[in-house]
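We will go from stop to stop, and at each one you will hear what to select and what to look for.

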Amino acid sequence: MALKGGKPVEVNRSDAMSRMKKGEFVRGPTAFHDSVTADGSSGFKAEKNRYHLYISLACPWAHRTLIVRKLKGLEDVISTTCVDWLLSHGGWNFTDKKPKCTKDPLFNADYLSEIYSKADPGYWGGITVPVLFDKKTNKIVNNESSEIIRMLNTEFNKFCKTEDQRKLDLYPKHLRDKIDEVNDWIYPYINNGVYRSGFARSQEAYDDAVRTLFKHLDKVEEILSKSRYLTGNTLTEADIRLFPTLVRFDTVYHGHFKCNKKQIINYPNIWEFVRDLYQTGGIAETCDQEHIQKHYQQSHTSINPHGIVSIGPDLDFDAPHNRDRFTK
């Protein structure tokens, strides 16, 4: 048992060590798991202008939260700060010298690690985005994207811009079993699968990760050949969780992470699905390929020592997708 963010976390150290010895990439757990609730019963009440999201436009996990914030019309309710795309040895840092990045507006911090220390002076874990920060108590509420998007989906409905955004439910009761089942294999084999491929430190670890990745992309292609979205013809959290990986795939994961068996454009239904979501409800505004490509290719010097950013490929995310054929 270890303490992280003041909470006990079970750590299977022997399993993690065994996998790392084989050259596998093992992602550490997130540490802050409190919740914002509409009624405040959690100790963190949903209020306008109380919470701040620290994000990176390059990070797929942070991207999830930006998408749900956009779809639910919460841009004027929850403020954001985007860190520098370059993840240096000092960690995520704040800058106003790059497009869409700003200095830290709350504490004028230089590094995101200072925000973690502000919230918990004894914190020793990973410094990751997204971070949902409570400006009222100066505490980190949560740094787990899968939990933050659930809060944004339901707990801030009072503040949504429109009635349609208030009614939007990305985790509806009648689809929860399906959504959970899809999430259970998309996260380890696709979302994290690209990282397991790219950061593998042995041929065996890479081969296992990349083959499993494409096996499950084939599975997604099959599902999307029969329905508009992953759990039917309703947009859900499962789609939002997959999209950030797919929109980064051809520009960075295919080459940079050696996930080069196929490109997403080689999957007719997945490529249509990506364009469909990109063109939905302002999601395009949450995507930034400059941040994405420069982050991965300049930050990961163990993979790309000279930090040279590749030029392509050229992708037309605004091309017609014809996915509405499933709902006509």
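## First stop: two crossing helices

Select α2 and α9: α2 passes α9 in a right-handed crossing. Right-handed means that the near helix is turned clockwise from the far one by less than a right angle, and left-handed means anticlockwise. The contact between them involves Pro60, His63, Arg64, Ile67, Val68 and Leu71 of α2, together with Ile240, Arg241, Phe243, Pro244, Val247, Arg248 and Tyr253 of α9. Contact here means heavy atoms within 4.5 Å. Colour these residues by class and you will find nine nonpolar, one polar and three charged residues in the contact of α2 with α9. In this scheme Ala, Val, Leu, Ile, Met, Phe, Trp, Tyr, Cys and Pro count as nonpolar, Asp, Glu, Lys and Arg as charged, and the others, Gly among them, as polar.

Helix α2 covers residues 60-71 and helix α9 residues 237-253; they pack at an angle of about 130°, with their axes 9 Å apart. That makes α2 oblique to α9. Angles under 35 degrees count as roughly parallel, over 145 as roughly antiparallel, 65 to 115 as roughly perpendicular and the rest as oblique. Axes are lines fitted to C-alpha atoms, for helices over the stretch in contact, and angles run from 0 to 180 degrees between N-to-C directions.

A word on what is on your screen: this is a predicted model, in which local features need pLDDT of at least 70 and side-chain atom pairs count only at pLDDT 80 or more, while totals for chains, interfaces and linings use all residues. Residues are numbered from 1 along each chain as its sequence is written, and side-chain values use heavy atoms, with hydrogens and water left out.

## Stay on α9

The crossing of α9 and α11 is right-handed. On α9, show Val247, Arg248, Thr251, Val252 and Tyr253; on α11, show Gln289, Ile292, Gln293, Tyr296 and Gln297, and you have the contact. The contact of α9 with α11 divides into five nonpolar, four polar and one charged residue.

## A covered helix

Now select helix α4, residues 145-154. How many of its ten residues are buried? Seven are, so the helix is mostly covered. Buried means under 20% relative accessible area, exposed over 50% and partly exposed in between (1.4 Å probe, protein chains only). The buried residues of α4 are Ser145, Ser146, Ile148, Ile149, Met151, Leu152 and Asn153. Around them, display β3 (51-55), α2, β5 (131-134), β6 (139-142) and α9, against which these buried residues pack.

## Into the loops

Go to the loop between β5 and β6, where Lys135 lies. Lys135 is partly exposed, with a relative accessible area of 29%. Draw a distance from Lys135 to Tyr51: the two are 84 residues apart in sequence, but 5.8 Å apart in space, C-alpha to C-alpha. Leaving aside neighbours within four places in sequence, Lys135 is in contact with Asn49, Arg50, Tyr51, His52, Ser79 and Leu106.

Next, select Asn192, in the loop between α6 (176-191) and α7 (193-198). Is Asn192 buried or exposed? Asn192 is buried, with a relative accessible area of 6%. Beyond its neighbours within four places in sequence, Asn192 touches Phe25, Arg27, Trp61 and Tyr187.

Show the backbone at Val129 and Pro130, which are joined by a cis peptide bond with omega about 5°. Pro130 is found in the loop between α3 (112-119) and β5. The peptide bond from Gly312 to Pro313 is also cis, with omega near 5°, and Pro313 lies in the segment after α11.

Asn108, in the loop between β4 (79-82) and α3, has a positive phi of about 55° although it is not a glycine.

## Zoom out

Finally, show the whole chain: it has eleven helices and six strands. Helices (H or I, at least four residues) and strands (E, at least two) are DSSP runs, numbered from the N terminus. Buried residues make up 53% of the 328 residues in the chain.
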